[in-house]
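Please keep the sequence and the model in view while reading.

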Amino acid sequence: MKECAFNSNDPIYIKYHDQEWGQPLYDSQQLFELMALESQHAGLSWLTILKKRPAYREAFHQFNPYQVAQMTEKDIDELMEFPNIVHYKKKLEAIVSQAKGYIQIEKEHGSFSDFLWSYADHQPIDLQYQSSKDRMTVDDRAKQMSKDLKKYGFKFMGPVTMFSFLEAAGLYDAHLIGCPYKPSN
């Protein structure tokens with residue numbers, strides 16, 4: 001369903017929509033990866049980041065938060081020359097900061113996934129979009145999540161980015177009604 005797939009004809013975008021976007025994601029490390037990538041996409045198209053995802057995985061230890069949290073200033077300086085990632089130092093540093101926050105959340109809450117899913121009462125929330133015109137970009141839940149994550153050192157995770165994450169990770173079912181890839185179908 002092209003309209004649900006962001007009205008895109010790009011095969012990478014369509015594959016992402018059909019196989020990943022909006023499917024409930026519960027694995028803590030995969031959620032960390034998605035959140036880190038969402039923070040890189042601030043100010044850029046998501047397609048740009050999707051195309052760079054393999055390089056980000058290589059650069060950031062397959063998004064193992066415990067390894068990422070050990071990265072130093074020197075490591076970040078070296079990543080400024082790493083091919084096919086966004087070379088914006090503050091965004092690269094943000095991933096390391098987010099990894100440290102992830103570890104703190106796991107210590108305090110037991111599971112990064114449970115912490116995030118608690119914002120949706122541990123089940124996907126169907127936004128019941130009829131058409132792409134119905135789509136929102138932010139809500140109170142995204143604002144609260146952004147505020148709470150900032151306390152753990154998460155950067156480049158403002159309310160609009162958080163809302164995008166909630167949709168992408170399947171905490172929100174933002175597929176249009178009638179989309180064959182809607183998880184609740």
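## A buried loop residue

L127 is buried, because its relative accessible area is 18%; buried means under 20% relative accessible area, exposed means over 50%, and partly exposed lies in between (1.4 Å probe, protein chains only). This is a predicted model, in which local features need pLDDT of at least 70 and side-chain atom pairs count only at pLDDT 80 or more, while totals for chains, interfaces and linings use all residues. Residues are numbered from 1 along each chain as its sequence is written, and side-chain values use heavy atoms, with hydrogens and water left out.

L127 belongs to the loop between strand 1 and helix 8. Helices (H or I, at least four residues) and strands (E, at least two) are DSSP runs, numbered from the N terminus. Leaving out residues up to four places away in sequence, L127 touches M136, F163, E167, Y172, D173 and A174, where contact means heavy atoms within 4.5 Å. The C-alpha atoms of L127 and I177 are separated by 9.2 Å, and these residues are 50 residues apart along the chain.

## Two residues with positive phi

Q128 is found in the loop between strand 1 (125–126) and helix 8 (140–150). Its phi is near 55°, a positive value in a residue other than glycine. Q128 counts as partly exposed, because its relative accessibility is 45%.

F156 lies in the loop between helix 8 and helix 9. Although F156 is not a glycine, it has a positive phi of about 60°. With a relative accessible area of 29%, F156 is partly exposed.

## Helix 2 and its covering

The 14 residues of helix 2 should span 20 Å at 1.5 Å a residue, and the end C-alpha atoms are 20 Å apart, which agrees. The expected span is 1.5 Å times one less than the number of residues.

Helix 2 is mostly covered, with 12 of its 14 residues buried. Among them are L31, F32, L34 and M35, as well as E33 and E38.

## Helix 2 against helix 9

Two packed helices are described by the angle between their axes and the distance between the axes. Helix 2 (residues 28–41) packs with helix 9 (residues 159–168) at an angle of about 140°, and their axes are 10 Å apart. Axes are lines fitted to C-alpha atoms, for helices over the stretch in contact, and angles run from 0 to 180 degrees between N-to-C directions. Helix 2 and helix 9 are therefore oblique to each other: angles under 35 degrees count as roughly parallel, over 145 as roughly antiparallel, 65 to 115 as roughly perpendicular and the rest as oblique.

In this contact, L31, L34, M35, E38, S39 and H41 in helix 2 meet T161, M162, S164, F165 and A168 in helix 9. By class, the contact of helix 2 with helix 9 has six nonpolar, four polar and one charged residues. Here Ala, Val, Leu, Ile, Met, Phe, Trp, Tyr, Cys and Pro count as nonpolar, Asp, Glu, Lys and Arg as charged, and the others, Gly among them, as polar.

## Helix 2 against helix 6

Helix 2 and helix 6 (residues 89–109) pack at about 150°, with their axes 10 Å apart. They are therefore roughly antiparallel to each other.

Residues of helix 2 in this contact include F32, M35 and A36, and those of helix 6 include L92, I95 and Y102. The contact of helix 2 with helix 6 divides into seven nonpolar, six polar and two charged residues.
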